[in-house]
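Me: I'd like to learn how to read helices and strands in a model like this one. Could you walk me through it?

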Amino acid sequence: MTVNVDVQTFPHFINGKWEQAGSGETFDVFNPATGELVAKVAKGTEADVDRAVKAARAAFDKGDWKNMKPKDRAKVLFAISYKIAEHAQELAYLEAISSGGTVRRIGNSDILQMVDLFQTLANFTLEYPFSETLPVPPFPGPAHNFIWREPIGVCAAITPWNLPMVIATWKMAPALAMGNTIVIKPASYTPLSTLKLAEIISEVVPPGVINVVTGAGTEAGEALVNHPQVDKVAFTGSIEVGRRIMSLVAGTIKNTTLELGGKSPNILLEDADLNIALPGSLFGVFLHSGQLCESGTRLFVPDKLYDQVVAGLVALASKLKLGNPLDPATDVGPVISKKQKESILSYIESGKQEGATLVCGGKAVTVPGCEQGHFIEPTIFTNVTNDMKIAQEEIFGPVLCVIRYSEVEEAIQMANDTIYGLAAGVWTRNVNRAYEVARKLQAGVVWINDWHMLRSDAPFGGYKQSGIGREMGKHSLDAYTQVKHVHTSMSPELERRSWYGILFGQN
């Protein structure tokens, strides 16, 4: 399938309008499936970031947005969800031609997730305890006390290239719901859909509430994190960049949310229903060519099922069709870039060198009509030990490590033997047994007899070095507020304020 794509030009989106980079420079965005140039995008500098942050600060300080009644902001969130649905086809197209995500996945999952997130958080906003009244204290005297939750201010969001739209909304939606303004720096590989999102959202929010500056992380990203008028930073990406952001925000002690990498364990118990567990496990690792942080890349299989499971996995994986993501018949699209492809292939070579057995895939492939694309076969390794590089480091590609275990406790121990703790899974017919295992797994989300089942009303985030904080659900709203305690004394006479005697004694 060959699709000709017109090259589009995208400026920054600042203060409700398109603005060229101050330098006039642009960078190129390529389709990872075809290698074609699809867009030229403004190359942001520190000066561009400063313009965006000042626009966001002015919109916040003006007060119209932050002081809007929750019921009215909830209406805005619903309006955003309708805008996303209205522009679904264009958003899906921009996402597919830059990220390599299949239109089948984007249309049947990503768009629906974004619509649901804004609507879910709209309903949560109506229920949110912006003000709580505390009980009247018996000591030191009668008083009214309130806990107020207020917007933080200007939020900075730095988003990755794997799910650019979805992950941008994980930050946009709670920030807007709580009355903040936001500046987003999307990944340079995939800025297109985020820019379009900002444009359509701007139709229902005041100018400056949502802004997007594009460019390199080392320039535009770091300028955004360092900006003194930014009050909060939310980042999704690699653990290495997460560490860098933590070091940068230390200078100004910014509120920070981090969603980093994963090496998620997937445990098959002996009574697992393999008719579900095998396709489910491959869904868990090969969706979006394995470029999802919560992918189930380590599959723990009991001795008695090992050979049967491996044979079944190889048979299913071999049927997956690689192709142009714009073709609805495509199962697996490309990886994001030549650089990422080479990184994945180097991990595959490492696995072979360390003694793992390659039983499926393992090679770059050429797809007819996409000869310049970055495709890698779905890859399965057996005879993997948990200390191998391929079992410990995040590959971010279509590579599954199948690890043998004898006892369930051994599988749990190996599952937790990682610096990550983002997701985990258990497959069994005995749900109570699954809960017992889930209790012992060090992960922010555990799926039982399924995978990738993220919910807009449930928190998502990791243990250990997989990050700090949670996104989605009611917990995400807390992360975009600050807490104020207000005390009002109800003791009008000085003589009733005995506690002043702590300082003044009997005078």
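Reply: Let's start with helix 3 (residues 88-99): its twelve residues reach 16 Å from first C-alpha to last, close to the 16 Å expected at 1.5 Å a residue. The expected span is 1.5 Å times one less than the number of residues. Helices (H or I, at least four residues) and strands (E, at least two) are DSSP runs, numbered from the N terminus. This is a predicted model, where local features need pLDDT of at least 70, side-chain atom pairs count only at pLDDT 80 or more, and totals for chains, interfaces and linings use all residues. Residues are numbered from 1 along each chain as its sequence is written, and side-chain values use heavy atoms, with hydrogens and water left out.

Me: How many residues of helix 3 are buried?

Reply: Buried means under 20% relative accessible area, exposed over 50%, and partly exposed in between (1.4 Å probe, protein chains only). In helix 3, nine of the twelve residues are buried, among them Leu 91, Glu 95 and Ile 97. Just after helix 3, Gly 100 takes a positive phi of about 80 degrees.

Me: Which strands pair with strand 19?

Reply: Two strands pair if DSSP finds at least two bridges between them. Strand 14 (residues 298-302) pairs with strand 19 in the parallel sense over five bridges, and Phe 300 has Ile 403 as its bridge partner. Strand 18 (residues 379-382) also pairs with strand 19 in the parallel sense, over three bridges, with Ile 380 opposite Leu 400. As for cover, six of the seven residues in strand 19 (residues 399-405) are buried.
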